2 protein chains.
Amino acid sequence: MNGKATTTRTRLDRGRSALGPALELVHTGRAPTRAVLTAELGVTRATAGAVAAELEALGLIRVDSNPGAAAGSQGRPSHRLAVDEKGPVALAAQVHADGFRAALVGLGGTIVATAPGCVTVSADPAQVLGAVVDAGAALLRETGRRCVGAGLAAPSAVAEPEGTALNPLHLAWPAGAPVREIFAERVRAAGIEGPAFTGNDVNLAALAEHRHGAGRGARDLLCVATGHRGVGGALVLDGRLHTGSAGLALEVGHLTVNPEGRPCHCGSRGCLDVETDPLAFLTVAGRDPGPEVSLLQQARDLLRTSPDDPGVRAATEELIDRLGLGLAGLVNILNPDRIILGGLHRELLHADPERLRAVVADRSLWGRSGGVPILPCTLDHNSLVGAAELAWQPVLDDPLSALGREPATP
Amino acid sequence: MNGKATTTRTRLDRGRSALGPALELVHTGRAPTRAVLTAELGVTRATAGAVAAELEALGLIRVDSNPGAAAGSQGRPSHRLAVDEKGPVALAAQVHADGFRAALVGLGGTIVATAPGCVTVSADPAQVLGAVVDAGAALLRETGRRCVGAGLAAPSAVAEPEGTALNPLHLAWPAGAPVREIFAERVRAAGIEGPAFTGNDVNLAALAEHRHGAGRGARDLLCVATGHRGVGGALVLDGRLHTGSAGLALEVGHLTVNPEGRPCHCGSRGCLDVETDPLAFLTVAGRDPGPEVSLLQQARDLLRTSPDDPGVRAATEELIDRLGLGLAGLVNILNPDRIILGGLHRELLHADPERLRAVVADRSLWGRSGGVPILPCTLDHNSLVGAAELAWQPVLDDPLSALGREPATP
DNA sequence: CGTACTTTGTTTAGTAGCGGCACAAACTCA
DNA sequence: TGAGTTTGTGCCGCTACTAAACAAAGTACG
């Protein structure tokens, strides 16, 4: 076989622009085999094979030539595609009122290692972010994993394009703190490879649920969640977060859901924020919130342990009605094809799903859009996984340039 | 010249996937010259030249080798790119409470011919749509233009994917009328070439303004407008209409803007619909609406002729405050980078722009997003032009297959 | 008025990434 | 064991580009 030198190319010169979409399909679990990958990409088997081979060569996925049971189907069994669990990871960081958490997240949204940390709430963002980045750097050293980048989930709206935290009310941080810049600087200082990103925690939770959780397959996904205080929202359209032109979209906390309701710090009354958050639940239920654990935890415990207590029952129903009103307003404006609830709202849905669905359907204008499925979040640490998604995104968009070959800007 | 046969190909085999984006740039006026086209497409001059040549060969654009003044610039003057005004057209149709209108619209959103028509409001959609399609067919015969397809602007939400009119309240049509199907059938019956599309009029107005009017260049464009009765909204994201999963997004008419306001047919009180439409304006101004001309026309005339009348002044201010509250709510949820107002809302903006902007900024949560520019519609017949955009879309997406070469589904 | 410079358009020669096709491989079914 | 079915691979060629050199058409400036 007088093979010409060109033969050395046949495998690695194939598949470039289809590389990103293919990786995303494996990442989100929508391409378990090469045959499915071929169909999903809309390419030929030859191309899909070459793309899979190149992704394997990059150390991102594995192609199992497994003899695994192709139960009940005819023909040659497909090789299985899976994320390479020994591959690179993204560093994910989260800060909230109670402390912080760092984790390493591989492709597929699997948490490889995690390091919770508690700090006394500090008014200095640089100190907290430095601590969480250091925890992440320690995880990277311990595991020896390659890092593709870092992502931070912040409990505040993040203004675009500056990356400043607009309302970190419950962190005692100064409004307008340049969190993105501080985080990126700390990541660089810790010697962590790759770019650094920052986003709002509810936005990132929605992104994670869309790719790996209850939102998988939705085209227009609305996510609403409580933290310890207040309510946040997020919208994923066609697989991408809609953050609005200034990063301030889906600030749903101040929708009016009770015209005669409690006054809100925004100047209005009866906002979703003050009517459906954990503090509201405890107050309506007639409990004095204690200072020992977080309000969210207290509300959750109360709802789980004594759901039939009259006060708890009344609080549940009132909050469900208020939340339903807010969701109906959002449905009329956004018309999502799925809604996902997190935090206390998830518990309220769990407590009486029929009531919530009925309120939303009743207050939505057109019956059809009121019939939107409302589901609970399903992922653990979804904000953390979402933060990792930010860091993975460049790799999903263009694996070759993101992983160092063909440097984008030399 | 012993030229090989292959030489005959050098011109028409070039430029395929860049063809659509290039046409869209010329269509929206963002590529006045080949040099700009080169930069906008991010391709080489060779490719841009070949693409422009092919679009010219398709009869869609013209390349002027004009000696026209390249005032003040060095270097070789660029050839000018322009839409071919003798090229094909789209048939645009609009129906509203007062009658209908048909038009032929060329690339660039220019109305080539128009035929207004008045029919007594008929409860039979097939009759009205048949009349407007016939008027369009007559225009096509008169002008002898080639037709790329037809689009209909309906004054109602259009449910996806069925294409039924959900709330044609002011047309006396049955709710749930299959307008898309009826329109498509009439278009086929009239022997008009190309596919037929149907959309909501405010949505289509927003699309037209985004491509050819006050919304040009906006990434997230919010459009709010009154017709004769009621209020509609639309959102254009990244150049595409956001219609939601069931076509029901941006049904903003029932946002609460006055908790103690007028009762609305939706069961609530103080909806944007009943608080800021032309009837509300006339009522607050203390005028009895007459039956002779449309409510919108009466309100417009009143506002223009006697803006300093105390009743008119009070009505203007009250409606501006209500509208501002509704817009602020939308800004908090959608965070658009531009807002465009149509119908009576356009007149209200014109009457006191500062007041409206102040209310929106004041009721928006974060100062920055309250500073969103609010502009009046600038296009005549923007719904009609938007309807034509629907019909042009397949050509913009893939000129070759849409214009008959390479039939998509043989 | 001619020369240098700037910018635009064209020609020619590649090349990356895919499709098409034939064939090989691996299984099920009868 | 062989036919049928589905999956993976090697090879060829096409399409839509890029790269680079060249040509053209103007301005700037002596």
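In this predicted model, chain A is superposed on chain B by a rotation of 180° with 0.0 Å of shift along its axis, at an RMSD of 0.1 Å, where copies are fitted by least squares on the C-alpha atoms of residues with pLDDT of at least 70 in both. The two copies are thus related as by a two-fold rotation axis, and in chain A the C-alpha nearest that axis belongs to A:Pro259, 3.2 Å from it. Because 97% of the interface residues of chain A are also interface residues in chain B, the copies meet through the same surface, contact being defined as heavy atoms within 4.5 Å.

Residues are numbered from 1 along each chain as its sequence is written, and chains are lettered from A in the order in which they are written. Local features need pLDDT of at least 70, side-chain atom pairs count only at pLDDT 80 or more, totals for chains, interfaces and linings use all residues, and side-chain values use heavy atoms, with hydrogens and water left out.

Chain A is divided into domain 1 (16-66 + 80-84), domain 2 (89-203 + 382-402) and domain 3 (217-376), with bounds taken from an automatic or database domain assignment. The C-alpha centres of domain 1 and domain 3 of chain A lie 39 Å apart.

Strand β1 (residues 61-64) of chain A is joined to β2(A) by four bridges, and the two run antiparallel, pairing being assigned if DSSP finds at least two bridges between strands; within this pair, A:Asp64 stands opposite A:Arg80.
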